[in-house]
Amino acid sequence: MQDTVLIVGAGPAGLSAASTVTASGYKAVVVEKEEILGGAPIISGYAKLVPSGEWAKDAIGRMVSRVEEDSGVTIHKGAKVESLDGEVGSFTAKLSNGETVTAGAIVLATGFTHFDSINKPEWGFGTFEDVLTTTQMEQMVSTGKIACPSDGRVPERVAILLCVGSRDRQIGREWCSKICCTVSANLAMEIKEISPETDVFIYYMDIRTFGLYEDKFYWKSQEEFKTKFVKARIAEVTASPDGRLLVKGEDTLVKRPIIIPFDIVVHAIGMDPNEDNPEIAKVFGIGLEKHGFIERAEHYTNTCGTTRRGIYSCGAAYGPETIDDSISQGAAAASRAVADLNALVQKAS
Amino acid sequence: MATYAEMQQIYDDIRGDFRYDSELNGCLNCGICTATCPAAHFYDYSPREIVQLLWTENVEQIYDAMQEKIWACAQCMTCAARCPFKNSPGGLVAIMREVAIKHEMQSAKDVLRPFGRVMLKLITTGNQLSPDMIQPDHFPDWGPNIQKVEGDLSVLRKAIPVKTLQTVETAWEVSLKTSVEMYTIWEMTGVMKSLELMDENLFDVIEDFIDEKREEYEEWLEEQEDED
Ligand SMILES: Cc1cc2nc3c(=O)[nH]c(=O)nc-3n(C[C@H](O)[C@H](O)[C@H](O)COP(=O)(O)OP(=O)(O)OC[C@H]3O[C@@H](n4cnc5c(N)ncnc54)[C@H](O)[C@@H]3O)c2cc1C
Ligand code: SF4
Ligand code: SF4
Ligand code: SF4
C-alpha cells in the first residue's frame, strides 16, 4: 500500500525508523525475527549505555514502548521476510508467518551479529571459564556483583582485550568495530565502581574514543577509576597451575614479551556483518559491500540508499555503528522512505 | 662503521627484494609477533621492532639491527601465522640476512663460522630425511607433549591415501645423480656465490669436492654407455 513503510529489524535503528514514519503521518509495519524488540542492547542485555550512562533496558526500553504503543505500527515478531515482489511504490512482501505486507518503501534495519570469540581460540574463550566477552561482562555488571565465574572469588585483576574479532586479517575481519574502545573504557569504570578492589587493565593497539568520548571515557577512566591502558595486543591466554589466567603479549614500549596473571579476561568483541546478510541480499535484491555489510548507495545525494530503489538502510546493517548514530540514521532512512510515499501521493492527485 | 650511503644501499637492497611487498603491508604496532616469537623470549630481539624499522625506513637502525639482532630469529614463521596484518617478520629477516651476506657483513661471517662443518656436510651430501627419521628420541627439544602427536601420526598415516613411508629405505643412501643435481641447484640459486662471499676457504674445499663428484658422475655415465 502506498501509505505504508515496511521496516525490517527492531533494534535502535528500526525502532527510530518506525516512530519517524508514523510521526510523518504514514503507517509502519515492523518485521522482527526475535520474539522481543530492542535489538542487540536488549537481546544481549547491555548495562549502561555509552554515552548517556542510562541503563539499556530503560533507554532502549523507552523506544520499544513508544513503538508498541503506537497505533500506526503493526508488529510481526518472530518473523522474517521470505520473498519480495514489486518495486518502489508497490512492494509485496511474504512473511515467514504466512502474512503478506504491501508497502511503498522499505527500510532494512537488520543490524549486526556479535563476533563469536570461539573463532580466536588462542585467547582462551570456551577453554577457560573466566574468559568472558564484553556482552557477558555487561550482563555481570547488570547483576551488581563482579566475581570469577569459576569459583566466585572477587577478581583482583581484570584484563580487557580490545579488537577481538576486529582489525585482524588472519580471520578476515579488516574493519574497526568503532564502539568497543569506548564501551571498554566505560566497562572498566563500571567494574571499578561495583568492585573497588579490582584493578582493570585494557590492552590496546590504538585507542579510538573518538569525538567527545575522549575525555568522557578515555581520560575519565584513568583519572577517576585508575584504569591502566597498556599498548599491546595479546597473543595468547593460558592458565597457570593455580588456575589463574596468564596473558601473554609484548610490552611494545619496552619491546619485551610479557606474561601477566589475571583473574578475569574480557574480550571486547567486535561487530560482524549480520549473519543473515547473504539471505537478506537475495530476498531484497540488494548488494553487499566487500566485508559483507549492506552496500551503501552514493551517500551525498542518495542518503541511506541501497543498490535498489525504494529500499533504504541504516545503523549497524551498513557497518559498525553506535546506538546514537543508528537512531539518527533510522530517522533519516525513514524520511527517505516517507519522501517516496509523498511522491506517489502527489503523482496520484 | 658504514657510511650513510652504504647503509642506504643496504636498505635499498632489502627494499628492492621481490618478496618485500608481500612480506610487509604496514604495521599495527600490536606486538603479537614479538609475543609469540620464541627468539624474543631468549634474546634482545623483537620482530615488531624489525618491522617498524623497515616500515619507517630507519636506515641507520636497520643497519644496527643487522649487526646482531636479526641473527636471533629461528625462522619458525610463527609471527607470520599470527600477524593480524598478514606481515611476515620472519620473511623480512630472511631478506635482511641475504642482503647482509651480499654486503659481506662481518656479523654474517661471525654467525656462520661455527657452522662450517654443518655447511660442508649439507652442501656436499645434502640433508636427507624420511618420516621415520623424525623421532622424538632424536629431538629432546620438542618436549614431552610431542609423544601425543607421534601416537596419532601412525594412525593418520594409515588414513591418508598417499604414500608417506616409501623413502624409508632409500633416504639413507646418497645418490650420485641427486648430489650432482643438487650442486646445480646450489649454483643456480646463488648459494655457492653467497658461500664464496662468506668463507672463501670453505668455498674452495666444497668446489673441489663438487668437481670430483661431477667427474665421478661423468665416468659413471660413460660406463653405462659402454655397457649398452
Ligand atoms: C558489547 C557491545 C556493547 C555496545 N554498547 C554500546 C553502547 O554503550 N553505546 C552505543 O552507542 N553502542 C553500543 N554498541 C553498539 C550497538 O550495539 C549498535 O550500535 C546497535 O545495536 C545498532 O543498532 P541497529 O538497530 O542498527 O542493529 P541491532 O541492534 O543489531 O538490531 C537489529 C535488529 O534486526 C533484527 N534482525 C536481524 N536480521 C533480521 C532479519 N533477517 N529479519 C528480521 N529481523 C532481523 C535483529 O534481531 C535485531 O533486533 C555496543 C556493541 C557491542 C558489541
Ligand atoms: S573501536 Fe577500539 S577496540 Fe574496537 S575495533 Fe576499533 S580500535 Fe579495536
Ligand atoms: S620467524 Fe623469527 S621473528 Fe618470526 S616468530 Fe620465528 S623466530 Fe620470531
Ligand atoms: S604482528 Fe604484525 S601488525 Fe603486529 S606488530 Fe607484528 S608485524 Fe606489526
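Biologist: How do you know how the shell around ligand 3 divides by class in this predicted model?

Modeller: Cys and Met count as nonpolar, while Asp, Glu, Lys and Arg count as charged. The shell holds 10 nonpolar, three polar and no charged residues. Of the 13 residues there, B:C37, B:C73, B:C76, B:M77 and B:C79 come nearest.

Biologist: And what makes up that shell in terms of elements of chain B?

Modeller: Both α4 (38–42) and α7 (78–82) of chain B give at least two residues each to the shell around ligand 3.

Biologist: Let's turn to the two chains. Why is the meeting of A:E250 and B:R48 called a salt bridge?

Modeller: The term asks for a side-chain nitrogen of Lys or Arg within 4 Å of a carboxyl oxygen of Asp or Glu. Between the side chains of A:E250 and B:R48 the N to O distance is 2.7 Å, so the pair qualifies, being within 4 Å. Across the interface of chain A and chain B the rule finds two salt bridges.

Biologist: Which elements of chain A give two or more residues to the side that touches chain B?

Modeller: Those are β14 (245–251) and β15 (256–262) of chain A. By class, this side of chain A has seven nonpolar, three polar and 11 charged residues.

Biologist: How much area do chain A and chain B bury between them?

Modeller: About 1800 Å², with 52% of it on carbon and sulfur atoms. A:R169, A:Q170 and A:E250 supply 32% of the area that chain A buries against chain B, more than any other three residues.

Notes:
Residues are numbered from 1 along each chain as its sequence is written. Chains are lettered from A and ligands numbered from 1 in the order in which they are written. This is a predicted model: local features need pLDDT of at least 70, side-chain atom pairs count only at pLDDT 80 or more; totals for chains, interfaces and linings use all residues. Side-chain values use heavy atoms; hydrogens and water are left out. A residue is near a molecule or strand if one of its heavy atoms lies within 4 Å of it. Helices (H or I, at least four residues) and strands (E, at least two) are DSSP runs, numbered from the N terminus. Buried area is the accessible area (1.4 Å probe) that two parts lose on being put together, summed over both.
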